[in-house]
Amino acid sequence: MTTSFVKIKNAAKSFGNLQVLKDINLTVDRGQIVAIIGPSGSGKSTLLRAINELDPLTSGEVWLEGVQINRHLPPRQYEAHVNQVRQDIGMVFQHFNLFPHLTVRGNITLAPRMLKGLTEAQANALVEEQLTKVGLLEKIDEYPSRLSGGQKQRVAIARALAMKPKVMLFDEATSALDPELVEEVNMVMKQLADEHMTMIIVTHEMDFAASVCDRVLFMDQGVVVEEGPPSVIFQNPVEERTRNFLRKHLARNGG
Amino acid sequence: MDTELILRVYPFFLQAAVVTIQLSILTTILGLTCGALGAAARMSRSWVLRAIGATYVSIFRGTPALIQLFILYFGGPQIGIQLDAFEAGVIGLGVNIGAYMAETMRGAIESVDKGQREAARTMGLSRAQAMRKVILPQAMRLMIRPLGVNINALIKGTALVAAISVVELTYTAQRYIGSTYKPFEMFLLSGALYMIIIYVVGIGIAWLDRKARIT
C-alpha cells in the first residue's frame, strides 16, 4: 500500500520577472527516495527549499502527510505553523551549516532540547544514538572545526535526524566535499534508504542516484522535463534535453 | 620642558583622569545599551521601528558630537531638561557613540553566515530562538574588536565635555595653562594619561577577543 506523503501541486515561483519554477507537480510516497537532477539554475534547489518554506512558492501547494505546509495565514500564525511543520522535515545543506560555537553534542541537541523539552539524560541518549548511526560517536565533544568535511556532513545528518523527521531533504549534500570524502556520506544516506526514510535528494551524483533512488526527476529551466525510475532516466531517457544533459555530464565527469 | 611643574601638578591630573575613566565607563555602558536597542530596531520586522532606528543612527552620526552636547547642556534647560555638566556629558556622549555601536552590532550580526540561520530555522527554531542560540553567540565574537574601536574613539571623545566644563583631563589641562602659561607641559601630561588609559583598555579588548575566539 502506498500513500502520497509529500505532495507538491502546481508549484510556481518567481524572483521578480524571473520565473524559476513553472507549474511543478510531484508526489512522493512514504519511504520513497526521489532524486532531482538537472543543470545548475534549473530550479531544483529552489524546489527543495520550497518544501520547508525556506524559499516560499509564489503559488501552488506543498503538503506533508495531509498537512499543508505553505498555508496562507496571518503572520503570527504562519510563523507558529511553519516552525511546527519544519520539525518534521530534516534538511542537509551543501555547506553543512554546523554551528561553529557548539560542540557536536551541542549541535545535535540544540533543537530537540529547545523544541521538544528533552531532559539532559534524554538528550544525551539521543546524541549517542544518532552519532552511532553515522559512526562518529568518538567525536561527540569535538567542535566542528576539528572535523573533516565528510565528518561534518555526517554530523549534520545526525543533527537533522535527531528531530525524528518524517522526510529528509538533501541539497547537494556531497557537492562541497573532496572526492575521497563523498563515499562516507553516501554510505550514511544509503543506510537511511535501507531504513525506509522518505528522502528527496538534489544531487549531481548520477551513480548514487541510480543505485539508491526509486525515482528520478530531471529538471531544466523551472520545469520537470522527465521523470521515471532510474533505469529509464539514465539508460533510456525519452526527452532530448535529458539525453543532452546526461551526455554532457558524463563527458565532464568521465563516467 | 618644566619637569618640576609637571611633578607638582600631576596629582591633580590623576584626579582628572579618574573623572575621564568614570565618564568613559558610564558612556560605554549607555552606548552599548543604545547600540543594542538601535541595532534591534534597525533589524526589526516592523517598519516603524526600522525607521526609528535609521533616524537615530543618521541624526547622531550626521551631526558633530559637540553640537549634540551643546544642545543638551545649554539648550536643554529651555525645554525643561536640567542636567549638571557630568550628567549631560555621559548622556550626550553615550547616546552619540550608541549610534556608531548600533551599526557595529548590526554589521556583526549580518556577517554571520546566512546558512547558520537557515540551518536553525529548518529545524523549527523561531526567529528569536535562532537569534539567541545561533546567531548572537557568533556575532558577539565578531563584534568585540570593532566595538573596541568604538570604545577607543569614545575615550578620546570624552575630551569634548571640557567644553561644558566637566573637570576631566582636557579641562584640567586648560585650567592649569591659565595659571602657569605652560600649554606644552600641560597638554603633554593629559595626552600621556589618555594614552595610558587607551593602552590598558586595548589590552583588555585584545584579551576578550582571544578568549572568545571560536576553538
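**View 1. The annotated domain of chain B.** UniProt places the feature "domain: ABC transmembrane type-1" (unreviewed entry) at residues 17-205 of chain B. UniProt positions are given in the numbering used here, feature names are shortened, and annotations may be inferred rather than shown by experiment. This is a predicted model, in which local features need pLDDT of at least 70, side-chain atom pairs count only at pLDDT 80 or more, and totals for chains, interfaces and linings use all residues. Residues are numbered from 1 along each chain as its sequence is written, chains are lettered from A and ligands numbered from 1 in the order in which they are written, and side-chain values use heavy atoms, with hydrogens and water left out. Over residues 17-205, chain B is 81% helix and 0% strand, with end C-alpha atoms 20 Å apart. Helices (H or I, at least four residues) and strands (E, at least two) are DSSP runs, numbered from the N terminus. Chain B as a whole has eight helices and zero strands, and its C-alpha trace spans about 70 × 50 × 20 Å along the principal axes.

View 2. The UniProt record (unreviewed entry) gives "transmembrane region" for residues 12-40, 47-73, 79-102, 147-167 and 187-208 of chain B. Residues 12-40 of chain B are 100% helix and 0% strand, and the end C-alpha atoms lie 42 Å apart. For residues 47-73 of chain B the values are 93% helix, 0% strand and 32 Å between the end C-alpha atoms.

**View 3. A nonpolar surface patch on chain B.** The patch consists of B:Ile21, B:Ile25, B:Leu26 and B:Ile29, which together have about 340 Å² of accessible area. Patches are made of residues with over 30% relative accessible area and no salt bridge; like charges are joined within 9 Å, and nonpolar side chains (Val, Leu, Ile, Met, Phe, Trp, Tyr) within 5 Å. Accessible areas come from the Shrake-Rupley method with a 1.4 Å probe, and for residues only the protein chains shown count as cover. B:Ile29 sits in helix H1 (residues 3-42) of chain B.

**View 4. The interface of chain A and chain B.** Contact (heavy atoms within 4.5 Å) involves 23 residues of chain A and 23 residues of chain B. The two chains bury about 2000 Å² between them, 59% of it on carbon and sulfur atoms; buried area is the accessible area (1.4 Å probe) that two parts lose on being put together, summed over both. Three salt bridges cross the interface, a salt bridge being a side-chain nitrogen of Lys or Arg within 4 Å of a carboxyl oxygen of Asp or Glu. A:Glu79 and B:Arg45 meet through their side chains in a salt bridge (3.5 Å, N to O). On the side of chain A that touches chain B, helix H2 (75-86), strand S6 (89-92) and helix H3 (104-116) of chain A each supply at least two residues. H3(A) gives the most to that side, with four residues.

**View 5. A salt bridge within chain A.** The side chains of A:Arg105 and A:Asp141 form a salt bridge (3.2 Å, N to O). This pair links distant parts of the chain, 36 residues apart: A:Arg105 is in helix H3, and A:Asp141 is in the loop between helix H4 (120-133) and helix H5 (149-161) of chain A.
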